[in-house]
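Subject: Handover of a structure and summary of findings

Dear colleague,

Please find below the structure that I am passing on to you. After it I set out what was found, topic by topic, and I would ask you to keep the structure open while you read.

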Amino acid sequence: MRTVTLTYPMSPETAAEWAQPQVAALGQFDGLHRGHASVITSAVALARKQGVPAAVLTFHPHPKDVMGKGDYEGYLTPPVEKQEILASLGVDILYVIEFNEQLSRVSPQNFVSVMLLPLHIVTAVVGFDFRFGYQGEGDVEMLRKLGEGVMNVEVAPPFLLDGEKVSSSGIRKSLQNGDLELANSWFGRCYYLRGEVGHGEKRGRTIGFPTANLKLSAHFVIPTKGVYAVRVFYKDKVLYGVMNVGVKPTFHEGVLTPSFEVHLFDFEGDLYDQELKVELVSYIRPERKFESIGALITQIGEDAETAKKIFGYNL
């Protein structure tokens, strides 16, 4: 998959380089959940049928992040994660449009004439609630009208699970409310964090549970504080363990920034500066303050046993 960064207005030279008949899914696609996947796989299938490249056209940073609207705190799929997942879905070209205040003021008409039509997109595939242009003025019908005779528009219906529309905002709320089961169901995969192992307080090894202190590689959405059963990808290995997301109230007071401490089962070795991908498989319990170190050690042991049962791990 090729990744192409675009800026508004797109120069004639850039348009000439990338212009070709192609099918493009349009949208922000943060989360790349099952609803987004339905839009993108429809575009890929249509592109294969027509014998043209399958593209995705999206934005970075997120418009809400730039405009300071809503409770948009972090990304469900930061850019590197988005590229990895889109490539797995069969996308040939990823266009990332730099979103800034100038672009936020662009009319729907100019967006289509300057950023879409010059690429020779023959079919745009969008979700039923797709909006674009200044203050979201453009909708599906306007997109059809603006592309009439040049660019067809296909609309994917809402993706429902148990009667509810799968959405990124719903996933965010689920992660922040501790409903990991619902979030993962809507994702169609386990939510994951990625980062490098850095130096922490090294307290875990003193109480019998050494941990890897994960420094996140991007601005991920932070799930609710607590203990999770996790599946960890390290090089060519798949490992299992528990992760604590939180501020360690047994040892600290007044700390606001959470840490991500991963305890791996049956692993020995130096992980410092190594990259880990940590899938959150199950939410075990909220973070809480313990009256003693002994009580904490007992609880960590119970958490580990709970996670092992979840994984069917060799007890």
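Predicted model: local features only at pLDDT ≥ 70, side-chain atom pairs only at ≥ 80, totals over all residues.

In which sense do strand β10 and strand β13 pair, and over how many bridges? Strand β10 covers residues 212-216 and strand β13 covers residues 259-264; their pairing is antiparallel and has 2 bridges.

**The chain as a whole**

The chain has 315 residues, and 48% of them count as buried. Its secondary structure consists of 10 helices and 14 strands. Taken along the principal axes, the box filled by the C-alpha atoms is roughly 70 × 40 × 40 Å. Among the contacts with a separation of 6 or more, 74% are between residues 24 or more positions apart.

**The barrel and its helices**

The pair described above belongs to a barrel. It is closed by 6 strands with antiparallel pairing, and their order is β9-β10-β13-β12-β11-β14. On average, neighbouring strands of this sheet are turned by 45 degrees against each other, direction ignored.

Which strands does helix α9 touch? Helix α9, residues 180-187, packs on the sheet and touches β11 (226-234) and β14 (275-286). The direction of α9 makes about 135 degrees with that of β14. Helix α10, residues 293-311, lies across β11, β12 (237-246) and β14. The angle at which α10 runs to β14 is about 105 degrees.

**Strand β4 and its partners**

Strand β1, residues 2-6, runs parallel to β4 and is joined to it by 5 bridges. Within this pair, Thr5 stands opposite Val96. Strand β3, residues 54-60, also pairs with β4 in the parallel sense, over 6 bridges. There, Ala55 has Ile93 of β4 as its bridge partner.

Rolling a probe the size of a water molecule over the atoms shows where empty space is left. The largest pocket has a volume of about 1,400 Å³. It is lined by 47 residues, of which Gln28, His62, Lys64, Asp129 and Arg131 are the closest to its centre. The elements that give two or more residues to this lining are α2 (34-50), α3 (63-67), α5 (101-104) and α8 (168-177). Which of them gives the most? Helix α8 does, with 5 residues. By class, the pocket lining divides into 20 nonpolar, 17 polar and 10 charged residues.

The structure also holds 1 cavity of 30 Å³ or more. The space in the largest cavity is about 60 Å³. Its lining includes Leu76, Thr77, Glu81 and Phe187, and also Arg189, Cys190, Tyr191, Tyr192 and Phe220. Of these lining residues, 6 are nonpolar, 1 is polar and 2 are charged.

**Backbone details**

Most residues other than glycine have a negative phi, and most peptide bonds are trans.

- The peptide bond from Tyr8 to Pro9 is cis, with omega near -5 degrees; Pro9 is in the loop between β1 and α1 (12-18).
- His60 and Pro61 are also joined by a cis peptide bond, with omega about -5 degrees; Pro61 lies in the loop between β3 and α3.
- Leu32 is not a glycine, yet its phi is positive, at about 45 degrees; Leu32 is in the loop between β2 (22-26) and α2.
- Asp266, again not a glycine, has a positive phi of about 50 degrees; Asp266 is in the loop between β13 and β14.

Are Leu32 and Asp266 buried or exposed? Leu32 is buried, because its relative accessible area of 4% falls under the 20% limit. Asp266 is exposed, because its relative accessible area of 68% is over 50%.

With kind regards

Technical notes
Residues numbered from 1 in each chain as written. Heavy atoms only, no water. Pairing = 2+ DSSP bridges. Helix = DSSP H or I, 4+ residues; strand = E, 2+ residues; numbered from the N terminus. Axes fitted to C-alpha atoms, helices over the stretch in contact; angles between N-to-C directions. Contact = heavy atoms within 4.5 Å. 1 Å grid on protein atoms, 1.4 Å probe; cavity = no way out; pocket = protein on both sides within 12 Å on 5 of 7 lines; lining within 4 Å. Points joined across faces, edges and corners; volume = space filled by probe spheres on them. Nonpolar A, V, L, I, M, F, W, Y, C, P; charged D, E, K, R; others polar. Buried < 20%, exposed > 50% of the residue type's maximum accessible area, 1.4 Å probe, protein only.
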